Amino acid sequence: MPALNDILTERLKHAENKGLSRKLVASSLESGPFITREGRRYIQFSGNDYLALRAHPAVIEAAKHATDEGGGSGASRLVTGNHAYYGPLESGLADYKKTESALVFGSGYLANLGTIAALVQEGDLILADKLAHACMLDGARLSGATLKRYAHNDTTHLSRLLEENRSNYRHCLILTESVFSMDGDRAPLREIAQAAQRHDAWLLIDDAHGIGFGMECPDAIWSGTLSKALGSYGGYVAGSQILIDYLTSHARSLIFSTGLPPATIAAATAALAVLAQEPGRAERALRHARRLSVELGLPEAESPIVPIILGTPEAALDASHRLAEAGLWASAIRPPTVPPGTARLRITCTAAHEDTHIDQLIHALRPICKP
Ligand SMILES: *Cc1c(COP(=O)(O)O)cnc(C)c1O
């Protein structure tokens, strides 16, 4: 396909010139906050394993044990893939989110995609936070509903959009994250829920980065992932029993995709149990992030995520290289993952970091934050 290859080469060059090319680098998985890339070992600050549960002995043990039943689930959940490991995880997730029920999907991406597209359609309205995750926006597009964006965490703007538009549409769905993935700040959930209630709108909150950090909101629909703080893989939706029954027969990303492997589900269940027994893990990650942000003169962190906004893709890549020279790993985050002009280092602190790791990071980041 010579013509195709020529066109793709041209597009790749274009991205490269803008500092936006991406490549996959083999990375080792280690326990603790370490990573080996291209033969070099670093202390890493880029993963989403906030509670250090990914390689927890109880999680590994549960996954190994479940693997005795086989590698995969063999079919979609509605056919024969709904193995016995699903039940305890779904009831655990529902308890954790204080909802009647929960439903596990193949990933967080698939959970949002399938749920949004199943709930609304053409003639309905979606109001999404400007920084809502790409998979919520993809779900919104797939649904056929009209999508409007409100300024980030701006409930005044949200209320105005509701006042101006709500009556022109049949149903309205509001989309936000609980803790924002690239900025680490928290959504004003109570105010958003009040606006939703006033205007007869539904609210879907993506809790992908909020697990362990006590994000609450009565009457909301929750989505989330098993692959970040829970250290495994997969996604879920939590809400009323009726909602879960409806999604079980209407969410296409659930219906037309194979169930997750037993090991994946068992690992997430074990991680959820450790999370309940050891709340200190979340506190420790948060304490590191607070100290880091305060000592660097940044707004105090509200989650383990601390963004260091640098502007251009080149500035973010340069900062990432400088940290690497000091033996610290933080990947550069560039558009389209973040808006143009806000390329950054997205630092994540975890329960596995020691105070000395944070000290080293602060030392290396000082000249980058105050050039
Ligand atoms: C990572 C992420 C997802 C996707 O979850 P996966 O399980 O990785 O597919 C969804 N929403 C947000 C906010 C995320 O950060």
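The face of helix α2 directed away from its buried side bears Pro57, Lys64 and His65, which are exposed (exposed is over 50% relative accessible area, buried under 20%, partly exposed in between, with a 1.4 Å probe and protein chains only). This is a predicted model, in which local features need pLDDT of at least 70 and side-chain atom pairs count only at pLDDT 80 or more, while totals for chains, interfaces and linings use all residues. Residues are numbered from 1 along each chain as its sequence is written, and side-chain values use heavy atoms, with hydrogens and water left out.

**Helix α2**
- Helix α2 spans residues 57–67, and its buried residues include Val59, Ala63 and Ala66; helices are DSSP runs of H or I with at least four residues, strands are E runs of at least two, and both are numbered from the N terminus.
- These three cover an arc of only 65° around the axis, so they sit on the same side of α2; the arc is that of the directions from the helix axis to the C-beta atoms.
- An α-helix has 3.6 residues a turn, so residues three or four places apart point the same way.
- The buried residues of α2 pack against α11 (262–277), where contact means heavy atoms within 4.5 Å.

**Nonpolar cores**
- The largest nonpolar core has 57 residues, and Leu93, Val104, Leu127 and Ile174 have the most contacts inside it; a nonpolar core is a set of buried Ala, Val, Leu, Ile, Met, Phe, Trp, Tyr and Cys residues joined through side-chain atoms within 4.5 Å.
- Helix α11 supplies the largest share of this core, 10 residues.
- A second, separate core has 24 residues, among them Leu175, Val237, Leu243 and Ala251.
- Beyond its neighbours within four places in sequence, Leu127 contacts residues including Lys148, Tyr150, Leu158 and Ile174.

**Backbone features**
- Most residues other than glycine have a negative phi, and most peptide bonds are trans.
- Glu38 has a positive phi, near 45°, and lies in the loop between β1 (34–37) and β2 (40–44).
- Glu38 is exposed, with a relative accessible area of 65%.
- Lys98, also not a glycine, has a positive phi of about 55° and is found in the loop between α4 (86–97) and β3 (101–105).
- Lys98 is exposed, at 62% relative accessible area.
- The peptide bond from Pro335 to Pro336 is cis, with omega near 5°; Pro336 is in the loop between β12 (332–333) and β13 (343–348).
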